[in-house]
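Dear colleague,

I am passing on the structure we spoke about, and below it I have written up what was found. Please read the notes with the model open beside you.

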Amino acid sequence: MQNGSMMRTKRHGGPDVWEFRWREPGPDGKRKHRRMTVGTTNEFGDEVAARQAIAGLHLCMNSRSERVRVRQITVSELVDHYRQRELKPDTLWKTHSTKVTYNGYLNKWIMPRWGNYTLNRISAGEVELWLRSLVLAKSSCAKIRNIMSVLFNHGIRHEICKDNPIRLVRQGAKRKKFPTVLSASEVQQLIASLGLRERTLVLLDAGTGLRMSELFALKWRDINFQSNEISVTRSIVFQVVGPCKTEASQKPIPLDAYLAEALRTWREYTPYKKPDDWVFASPASSGKNSYWGQTLMRSFIRPAAVKIGIAHIGWHTFRHTYSSLLGATKADIKVMQELLRHASSRVTLDTYTQAVTIHKRRAQSRVIRLFRAPAVAAA
């Protein structure tokens with residue numbers, strides 16, 4: 001079993017770095033020398049701290065060693081290995097949002113309870129009882145269960161463990177309460193009570209069903225005023241730009257004339273109107289970043305909603321509202337699915353039925369008309 005060597009290396013123009021060196025079989029079967037920079041001496045004060053940061057790599061490096069096979073691996077070591085392989089910033093097959101979510105659940109729930117357990121001590125029954133004892137929504141408990149299962153599947157894939165006890169853990173994800181859905185009248189009142197920036201955001205979100213990450217990732221070049229379409233090509237999570245949630249999410253959506261006029265008004269107001277500028281660019285960053293959606297919701301939109309008697313809303317409320325109002329206007333189910341950009345499990349319907357664009361526009365426009373204030377009759 002090899003431990004590798006941790007070297008402190010000087011660097012020009014910055015603090016020293018910790019560099020780890022080891023050997024591993026190359027494609028031709030011959031052992032190759034490898035090295036990687038673990039971090040700066042500011043990040044890791046001593047060699048012990050630096051080695052802890054690469055515990056997962058060390059486990060992988062010795063995965064075929066008989067001494068390692070005899071020793072029982074802990075959940076903490078498995079988590080380190082998983083993070084090293086799957087959650088590093090340069091990992092492209094997982095979105096930034098997924099990495100943040102997984103790290104959050106690992107740090108807050110899984111590691112404190114199970115980190116010191118060896119993998120062979122984890123039993124489905126004990127995990128199931130623990131999940132039922134948590135004062136969390138069922139969906140959150142299901143997320144914890146799924147991440148634990150992902151960990152064990154990762155261990156099997158890398159020959160760290162032989163089975164996955166979490167597959168036997170029963171945990172439903174059904175909601176205890178239904179999400180908040182606004183009526184057309186409530187949306188209309190809310191829009192009327194907001195300033196131009198928040199009014200434009202709410203109207204656009206309630207009239208398209210965009211996710212918050214997609215809404216704040218829009219650039220002006222994504223808005224085609226000639227063809228009246230919006231291209232959804234990226235998302236923003238914690239100011240990190242990445243792909244959309246699913247392939248289906250990247251479909252263009254129609255832009256109703258009323259929404260288009262609201263966006264033109266906002267474009268005249270905002271100083272950031274170039275094609276590559278964010279539609280909702282923040283002056284605090286000189287337009288380099290878009291606004292923080294949760295800050296606007298917490299400081300402006302939610303207080304305005306409370307004043308008119310609407311409680312417990314968030315950005316996803318508008319997506320639920322859009323879906324509900326599409327149904328209320330008797331939109332075809334296929335049109336609804338494509339407008340919301342859901343990846344449906346109904347394979348036959350998805351494969352052989354295509355909604356005609358004009359039907360999408362009509363369905364969306366019927367929802368938008370519900371938000372518009374009635375015209376004042378001439379005296």
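**What the model shows**

The secondary structure of the protein consists of 16 helices and eight strands, where helices (H or I, at least four residues) and strands (E, at least two) are DSSP runs numbered from the N terminus. This is a predicted model, in which local features need pLDDT of at least 70 and side-chain atom pairs count only at pLDDT 80 or more, while totals for chains, interfaces and linings use all residues. Residues are numbered from 1 along each chain as its sequence is written, and side-chain values use heavy atoms, with hydrogens and water left out.

Of the 379 residues in the protein, 45% are buried; buried means under 20% relative accessible area, exposed means over 50%, and partly exposed lies in between (1.4 Å probe, protein chains only). The protein exposes about 21200 Å², of which carbon and sulfur atoms supply 53%, with areas taken from the Shrake-Rupley method with a 1.4 Å probe and, for residues, only the protein chains shown counting as cover.

**Nonpolar cores**

The largest nonpolar core has 50 residues, and those with the most contacts inside it are Leu190, Ile223, Phe280, Ile301, Ile313, Phe318 and Phe371. Such a core is a set of buried Ala, Val, Leu, Ile, Met, Phe, Trp, Tyr and Cys residues joined through side-chain atoms within 4.5 Å. The elements that give two or more residues to this core include α8 (184-192), α12 (293-307) and α16 (357-371). Apart from it lies another core, of 29 residues, with Val79, Leu87, Leu119 and Leu134 among them.

Leaving aside residues up to four places away in sequence, Ile313 touches Thr180, Leu182, Leu190, Met297, Ile301, Arg302, Ala305 and Phe318, a contact being heavy atoms within 4.5 Å.

**Salt bridges**

The structure holds eleven salt bridges, each defined as a side-chain nitrogen of Lys or Arg within 4 Å of a carboxyl oxygen of Asp or Glu. In one of them Arg132 pairs with Glu128, the closest N and O atoms being 3.2 Å apart, and because these two residues are four apart in helix α6, about one helical turn separates them. Arg132 counts as exposed, at 54% relative accessibility, whereas Glu128 counts as buried, at 9%.

Arg211 forms a salt bridge with Glu214, with 2.8 Å between the closest N and O atoms, and both residues are buried. Asp276 forms a salt bridge with Arg221, where the closest N and O atoms are 2.4 Å apart. This pair links distant parts of the chain, 55 residues apart, with Asp276 in the loop between α11 and α12 and Arg221 in the loop between α10 (212-215) and β4 (223-224). Asp276 is partly exposed, with a relative accessible area of 48%.

**Two loops**

Thr118 is found in the loop between α5 (96-114) and α6 (124-133), and at 18% relative accessibility it counts as buried. Its side chain is joined to that of Asn120 by a polar contact of 2.6 Å; a polar contact is a pair of N or O atoms within 3.5 Å, and within protein one must be able to donate a hydrogen and the other to accept it, residues adjacent in sequence counting only if both atoms are side-chain atoms.

Phe238 lies in the loop between β6 (235-237) and β7 (240-242), and is exposed, with a relative accessible area of 51%.

With best regards
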